[in-house]
2 protein chains.
Amino acid sequence: MNIGDVAKASGVPAKTIRYYEDIDLIRPQRGENGYRHFRETDLHKLAFLGRARALGFSIAACRVLLALYEDEGRSSSEVKAIASEHLQEIDRKIADLSDMRDTLAELVESCAGDNRPDCPILSSLARKVG
Amino acid sequence: MNIGDVAKASGVPAKTIRYYEDIDLIRPQRGENGYRHFRETDLHKLAFLGRARALGFSIAACRVLLALYEDEGRSSSEVKAIASEHLQEIDRKIADLSDMRDTLAELVESCAGDNRPDCPILSSLARKVG
DNA sequence: CTTGACCTTCCAGTTGATGGAAGGTCCATG
DNA sequence: CATGGACCTTCCATCAACTGGAAGGTCAAG
């Protein structure tokens, strides 16, 4: 399969696939014409990567996950550890965003949104103290 | 005030303050020795920026907010519009992260996390369909 | 006069792609 | 056999918003 085929099949854009090869996530073979040639396993890896990235795993984490995926002698605890850590990271992000959200929602609600200049949002951003 | 002073007072790192000057968010004066010299208004702007960034506003949004902040003839509706849009963006992000979180939490829960290689997390990432 | 804490500029790196230019290849059609 | 369009290639630049570090100037205290 050429890059366009795997792109379609895996849902990972061709541009991104080239990038993944660049950073050694995948190693497609090359044809005589210089075209990348993808085997089934490459396609599987790309689909795997696409799903892992969709779950928010970093490229570094994907690299480890992919290695574990290919390592028959792995322990599921290794995988679980990575996923758990990532889950915590996501929870942290959600918590941070929720804090922002609450503050922002309050400010937006308190703002008249009319043609007068007085604005609690700006006042809050410009406030002298905590 | 020198950059170190405003950094301390505003909570914005010196490095970041230089960057903000670089992208024309602030325009501190210069002393004869080449040092940046910050006035009260600069400090206010930096604190403003620090709070806006902490609420997740992009630099582009901050630029507009800062302009509105300094424009006596503004309408609060302009400010509210920017904040509302940002609020929606945050809500979108939270929703996305929550989806990831739920999927991930399910997977983590279903994984034994022992020394055997079988792992629902990897199976899910490697799944053929759906 | 030296030491150390400041300050300066400039260049590179981070994360994870994405856009685009310039050019080679392949295949179907005329 | 030529030509056109859809592929493919590489390489370089760009995005956000900083951050780190090197090399060197300045200032105040002891």
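Biologist: Let's start at the contact between the chains. Which residue does B:R101 form a salt bridge with?
Modeller: This is a predicted model, so keep that in mind. The count between chain B and chain A is 2 salt bridges. In the one formed by B:R101, the closest N and O atoms are 3.0 Å apart, and the cut-off for a salt bridge is 4 Å. The partner on chain A is A:D91.

Biologist: And which helix gives the largest share of the side of chain B that touches chain A?
Modeller: Helices α3 (40-54), α4 (59-70), α5 (76-110) and α6 (120-126) of chain B each bring at least two residues to that side. With 21 residues, the largest share comes from α5(B).

Biologist: By class, how many residues on that side of chain B are nonpolar?
Modeller: Chain B puts 52 residues into the contact, and chain A puts in 52 residues too. On the chain B side, 12 are polar and 12 are charged. The nonpolar ones come to 28.

Biologist: What about area: how much is buried between chain B and chain A?
Modeller: Carbon and sulfur atoms give 73% of it. On the chain B side, B:R51, B:L122 and B:L125 lose the most area to chain A, together 16% of what that side buries. The area buried between the two chains is about 4,400 Å².

Biologist: Moving on to the nonpolar core, how many residues does the largest one have?
Modeller: In soluble globular proteins, nonpolar side chains tend to be buried together. Here, the residues with the most contacts inside the core are A:I17, A:F57, B:I17 and B:F57. Helix α5 (residues 76-110) of chain A gives the most to this core, with 12 residues. The core's total is 76 residues.

Biologist: Now a serine. Is A:S10 buried or exposed?
Modeller: A:S10 sits in helix α1 (residues 3-10) of chain A. Beyond its neighbours within four places in sequence, A:S10 is in contact with A:I17, A:L43, A:L46 and A:A47. Its relative accessible area is 16%, and the cut-off for buried is under 20%, so A:S10 counts as buried.

Biologist: Which residue's backbone oxygen does the side chain of A:S10 reach?
Modeller: The side chain of A:S10 has a polar atom 3.1 Å from the backbone nitrogen of A:V12. That side chain also comes to 2.6 Å from a backbone oxygen, and the residue it belongs to is A:V6.

Conventions. Residues are numbered from 1 along each chain as its sequence is written. Chains are lettered from A and ligands numbered from 1 in the order in which they are written. This is a predicted model: local features need pLDDT of at least 70, side-chain atom pairs count only at pLDDT 80 or more; totals for chains, interfaces and linings use all residues. Side-chain values use heavy atoms; hydrogens and water are left out. Contact means heavy atoms within 4.5 Å. Buried area is the accessible area (1.4 Å probe) that two parts lose on being put together, summed over both. A salt bridge is a side-chain nitrogen of Lys or Arg within 4 Å of a carboxyl oxygen of Asp or Glu. Helices (H or I, at least four residues) and strands (E, at least two) are DSSP runs, numbered from the N terminus. Ala, Val, Leu, Ile, Met, Phe, Trp, Tyr, Cys and Pro count as nonpolar, Asp, Glu, Lys and Arg as charged, and the others, Gly among them, as polar. A nonpolar core is a set of buried Ala, Val, Leu, Ile, Met, Phe, Trp, Tyr and Cys residues joined through side-chain atoms within 4.5 Å. Buried means under 20% relative accessible area, exposed over 50%, partly exposed in between (1.4 Å probe, protein chains only). A polar contact is a pair of N or O atoms within 3.5 Å; within protein, one must be able to donate a hydrogen and the other to accept it, and residues adjacent in sequence count only if both atoms are side-chain atoms.
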